[in-house]
Amino acid sequence: MAALLSPSARRSLKKLGADIAVARKRRRISTESMAERAQMSRMTLMKVENGDHSASMAAYMSVLMILGLEGRIADLAAPESDSMAMTLDEERLPKRIRS
């Protein structure tokens, strides 16, 4: 069964894939070479570059690592970057502390 993704999530994946394709081309890496270095088929690489949601996260990460762009992925859901959670935490703080 296919994963249900919102239109926004699909657009984000499409953009990520397109950005990956541009980064590969700027580095003058062929699809054949990239697929070989990432230990995946050219078909899987094409899925990644097309932003296909059926490509695994590992496939995206492999390609990003080869391009030297994996660093920011680790911080995507970092607690200190989660403004929604920080707002919720602030709302839960006691209004006053009794001694």
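I began with helices, which are DSSP runs of H or I with at least four residues, just as strands are runs of E with at least two, and both are numbered from the N terminus. With that settled, I looked just after helix 3 and found that Gly51 takes a positive phi of about 70°.

Before going further, I noted that this is a predicted model, in which local features need pLDDT of at least 70 and side-chain atom pairs count only at pLDDT 80 or more, while totals for chains, interfaces and linings use all residues. Residues are numbered from 1 along each chain as its sequence is written, and side-chain values use heavy atoms, with hydrogens and water left out.

**Positive phi in the loops**

I then looked up positive phi in residues other than glycine, and one of them is Arg28, with phi near 60°. Arg28 lies in the loop between helix 1 and helix 2, and it is exposed at a relative accessible area of 74% (exposed means over 50%, buried under 20% and partly exposed in between, with a 1.4 Å probe and protein chains only). Gln39 is another such residue, with phi near 55°; Gln39 sits in the loop between helix 2 and helix 3 and counts as exposed at 75% relative accessibility.

For Leu67 I listed the contacts (heavy atoms within 4.5 Å), leaving aside neighbours within four places in sequence, and found Ile20, Ala23, Arg24, Arg27, Ile29 and Met34.

Which residues of helix 3 are buried? I found Leu45, Val48 and Glu49, and because they cover an arc of only 95° around the axis, they lie on the same side of helix 3 (the arc is that of the directions from the helix axis to the C-beta atoms). These buried residues pack against helix 1, helix 2 and helix 4.

I also checked how helix 3 meets helix 4: their axes come within 10 Å and cross at roughly 90°, where axes are lines fitted to C-alpha atoms, for helices over the stretch in contact, and angles run from 0 to 180 degrees between N-to-C directions. That makes helix 3 roughly perpendicular to helix 4 (65 to 115 degrees, with under 35 counted as roughly parallel, over 145 as roughly antiparallel and the rest as oblique). Thr44, Leu45, Lys47 and Val48 of helix 3 make the contact with Ala59, Tyr60 and Val63 of helix 4.

Thr31 is in helix 2 (residues 31–37) and counts as buried at 17% relative accessibility. Not counting residues up to four places away in sequence, Thr31 touches Arg24, Arg42, Leu45 and Met46.

Met86, in helix 5 (residues 83–92), counts as partly exposed at 39% relative accessibility. With the same exclusion of residues up to four places away, Met86 touches Pro79 and Glu80. The C-alpha atoms of Met86 and Glu32 are separated by 44 Å, the two residues being 54 apart along the chain.
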